[in-house]
Amino acid sequence: MAADQKSSLSPMELDEAKARELEEQFDSEIRFRPLAPLAGRLVGVLLVALSIFHYYTAGFGLLPEMIHRGIHLSFVLGLVFLVFPFSRRGYDQPAISSLLRPLGISIIDWLLAIGAVVAVLHVPLIPLDDLAFRVGNPTTTDVVLGGLLILVLLEATRRSVGWPLPIIALIFMAYAIYGPSMPGILVHPGASFSQLVDHLYLTTQGIYGIALGVVATYVFHFVLFGVFATRIGLGQLFLDCAAWVAGRFAGGPAKVSIFGSALFGMISGSSVANTVTVGSLTIPAMKRLGYKPHFAAAVEAASSTGGQIMPPIMGAAAFLMIEFLNLPYTTIILAAIVPAFMHFFGVLIQVHFEAKRTGLRGMTAEEMPDLKEAFKRDWPTVIPLVVLLGVLLSGYTPYLAAFWGITLCVLVGLLNPRKRMTFLELFEGLRDGAKYALAVGAAAATVGIIVGVVTLTGVGFKISYIVTSTAAQLAGWFETFIPAALAGPQALTLLFTLIMTGIVCILMGCGIPTTANYIIMATIAAPALGLLGVEPIVAHFFVFYYGVLADITPPVALAAYAAAGMAGADPFKTGNTAFRLGLGKVLVPFVFVFSPSLLLVTSDFSWHAFFVALIGCVVGITCLGAALSGFLLVRTKFWERILLILASVLLIAPEIYSSLLGAALIIPVLVRHVISARRAPVPG
């Protein structure tokens with residue numbers, strides 16, 4: 001009987017091959033080249049070796065800092081040249097000859113891989129006393145190998161994540177060298193090529209810096225955990241739970257998409273992976289129910305983007321916050337809870353209004369999953385996540401928590417009689433976990449170049465000064481039009497600084513991964529917010545959230561385009577709709593900057609301020625959702641939409657007078673809707 005009542009969401013309506021094809025098409029970080037059998041086995045063994053190295057060191061102790069990072073980076077760069085083609089045309093490039101393409105891989109790629117390994121391992125093999133003497137006095141060998149590493153690193157990053165990040169790194173390097181020629185406040189003494197290489201190559205402030213360290217000690221392990229957790233069936237259990245919770249309500253599959261993406265995001269930490277995995281089940285169901293293809297795809301994309309902000313994993317940026325802010329991981333998780341809820345609530349409220357406006361039904365009893373049967377089948381898959389959270393919350397290091405999570409995933413997979421993992425699947429899990437981490441490793445090392453230039457030249461403080469001074473000028477101009485009771489000069493200056501910072505974060509995120517975007521903005525933009533009195537954790541969360549928003553912001557909305565491919569919808573229309581659905585995420589960062597208590601962990605936290613901010617945020621997001629969807633209790637009129645948008649902005653503002661004014665603007669809209677709703681029943 002349970003099998004007969006199996007949810008319509010459970011069968012893979014888009015086969016796994018199609019989902020993987022779309023994921024590779026829209027996520028450059030997993031766009032791997034096909035390999036000949038012998039090369040595939042060789043590369044597979046190297047990838048598994050990288051995974052085993054990280055698994056072992058996570059459980060039994062990390063190596064000395066420079067050695068650990070060097071081993072990680074040498075594997076990553078060497079494998080990038082073996083796994084990623086020179087260009088998209090490299091996918092189908094036939095072998096010219098066995099001499100030019102041994103094992104089906106170009107001889108040039110083999111040389112680049114070998115050169116990368118030699119250049120990376122040169123520094124960790126230098127004795128520490130000797131290395132301390134050579135910093136500032138590099139040898140010719142240091143300069144040559146350092147220059148080689150920069151070149152191969154930029155090429156590896158271009159192959160794995162695209163052109164934008166290497167171009168930004170080159171611009172920063174040019175700024176470091178041509179400092180005396182820069183205009184105005186940006187001028188600086190400049191550095192020679194050997195001085196720049198010395199700083200980027202021989203110190204821990206450049207390529208071997210904090211970004212690479214976090215990937216090598218935290219991120220890799222959680223990517224591996226996510227791969228194994230998905231393979232043992234935890235993702236399917238999450239989807240069944242989401243369908244049981246939300247499927248029965250209006251627009252059921254769309255709400256399942258939101259809850260499923262939130263739960264799956266706990267273990268994936270990736271927008272595109274979340275989109276293709278959950279969307280392969282929910283998008284066809286939404287289309288069958290009556291949603292237009294572009295809206296169904298947009299719902300999944302907007303929901304899946306929350307995977308990077310959903311505790312406990314939150315993507316790579318959460319682990320970087322640990323190092324940047326010197327805070328325990330539990331603090332980062334706690335701070336992320338309310339903002340993550342607000343993001344999913346913002347998408348949910350618009351989906352609800354859309355379903356009510358168009359009269360879309362929920363899922364029938366026959367379409368709902370049997371939750372009891374799902375837990376009976378898959379309950380062991382929850383054990384690794386529970387243990388991982390328990391170790392984290394007990395105060396142990398994140399990589400030790402990931403070690404136990406991975407260990408239990410493997411044990412559950414090997415021992416679970418209902419879905420037993422074979423040793424071949426174990427090998428594939430270790431291989432794929434390392435493969436998925438290659439791009440973020442290369443990107444983190446390249447970001448180290450940017451961070452190194454910032455520390456060498458001090459350009460971060462100069463950019464912060466430019467941003468804050470420009471914001472102060474804009475605030476002075478607007479102050480003549482806005483009553484002081486609504487916003488003072490300091491609040492206006494902060495508001496314009498946030499707006500400019502958010503725009504830059506979105507633009508940067510259109511071309512580079514979220515992790516790289518966060519590191520750059522945390523280095524350059526977060527100090528500008530600090531100058532205005534914003535706490536470091538609040539500033540870092542602000543730039544992180546706006547960087548994530550780029551995944552659903554046209555023209556480079558990768559998650560939206562992947563969802564559009566699955567739905568057969570227009571990509572640009574899907575991106576625009578996904579951005580509209582995700583506008584709650586645009587408001588939320590402003591709320592926790594002006595009301596830091598929303599993050600729960602700030603120094604001036606108070607429950608009164610928390611609940612005031614929470615209520616204002618919920619009501620404001622609801623008003624915005626009603627305005628954008630054209631429905632509250634009944635269809636909204638044009639003037640009501642204007643009032644609701646104004647109310648949403650005023651409700652999240654820091655002043656009590658603005659919040660009261662926003663609440664007052666809602667009253668006439670509510671009165672008309674209550675009267676109209678009593679006269680005419682809601683469609684559907």
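**Figure 1. Surface and overall dimensions of the protein chain in a predicted model.** The protein chain exposes about 27000 Å², of which carbon and sulfur atoms supply 69%; accessible areas come from the Shrake-Rupley method with a 1.4 Å probe, and for residues only the protein chains shown count as cover. This is a predicted model, in which local features need pLDDT of at least 70 and side-chain atom pairs count only at pLDDT 80 or more, whereas totals for chains, interfaces and linings use all residues. Residues are numbered from 1 along each chain as its sequence is written, and side-chain values use heavy atoms, with hydrogens and water left out. The C-alpha trace spans about 85 × 70 × 50 Å along its principal axes. A compact globule of 684 residues would have a radius of gyration near 26 Å, and the 26 Å of the protein chain agrees with this; the radius is taken over C-alpha atoms, and the globule rule is 2.2 Å times the number of residues to the power 0.38.

**Figure 2. Secondary structure and burial in the protein chain.** The secondary structure comes to 30 helices and zero strands, where helices (H or I, at least four residues) and strands (E, at least two) are DSSP runs numbered from the N terminus. Of the 684 residues, 59% count as buried, a term that means under 20% relative accessible area, with exposed being over 50% and partly exposed in between (1.4 Å probe, protein chains only). Among contacts between residues at least 6 apart in sequence, 79% join residues at least 24 apart, a contact being heavy atoms within 4.5 Å.

**Figure 3. Helix α24, residues 536-548.** Twelve of the 13 residues of α24 are buried, among them His540, Phe541, Phe542, Tyr545 and Tyr546. At 1.5 Å a residue the helix should span 18 Å, and its end C-alpha atoms are 19 Å apart, which agrees; the expected span is 1.5 Å times one less than the number of residues.

**Figure 4. Salt bridge between Arg231 and Asp432.** The closest N and O atoms of the pair are 2.7 Å apart, a salt bridge being a side-chain nitrogen of Lys or Arg within 4 Å of a carboxyl oxygen of Asp or Glu. Arg231 lies in helix α9 (residues 210-231) and Asp432 in helix α19 (residues 423-457), so the pair ties together parts that are 201 residues apart in sequence. Arg231 is partly exposed at 33% relative accessibility, whereas Asp432 is buried at 7%.

**Figure 5. Further salt bridges, from the 13 that the structure holds.** Arg672 and Glu640 meet through their side chains at 2.4 Å, N to O. Arg672 belongs to helix α30 (residues 656-679) and Glu640 to helix α29 (residues 638-651), so this pair ties together parts that are 32 residues apart in sequence; Glu640 is buried, with a relative accessible area of 0%. Arg357 and Glu354, whose closest N and O atoms are 2.8 Å apart, are three residues apart in helix α15 (residues 329-358) and therefore separated by about one helical turn. Asp109, Glu155, Arg158 and Arg159 are linked in a network of salt bridges.

**Figure 6. Nonpolar surface patch made by Trp607, Phe611, Ile615 and Val619.** The patch has an area of about 410 Å²; patches are made of residues with over 30% relative accessible area and no salt bridge, like charges being joined within 9 Å and nonpolar side chains (Val, Leu, Ile, Met, Phe, Trp, Tyr) within 5 Å. Phe611 lies in helix α28 (residues 607-629) and is partly exposed, with a relative accessible area of 42%.
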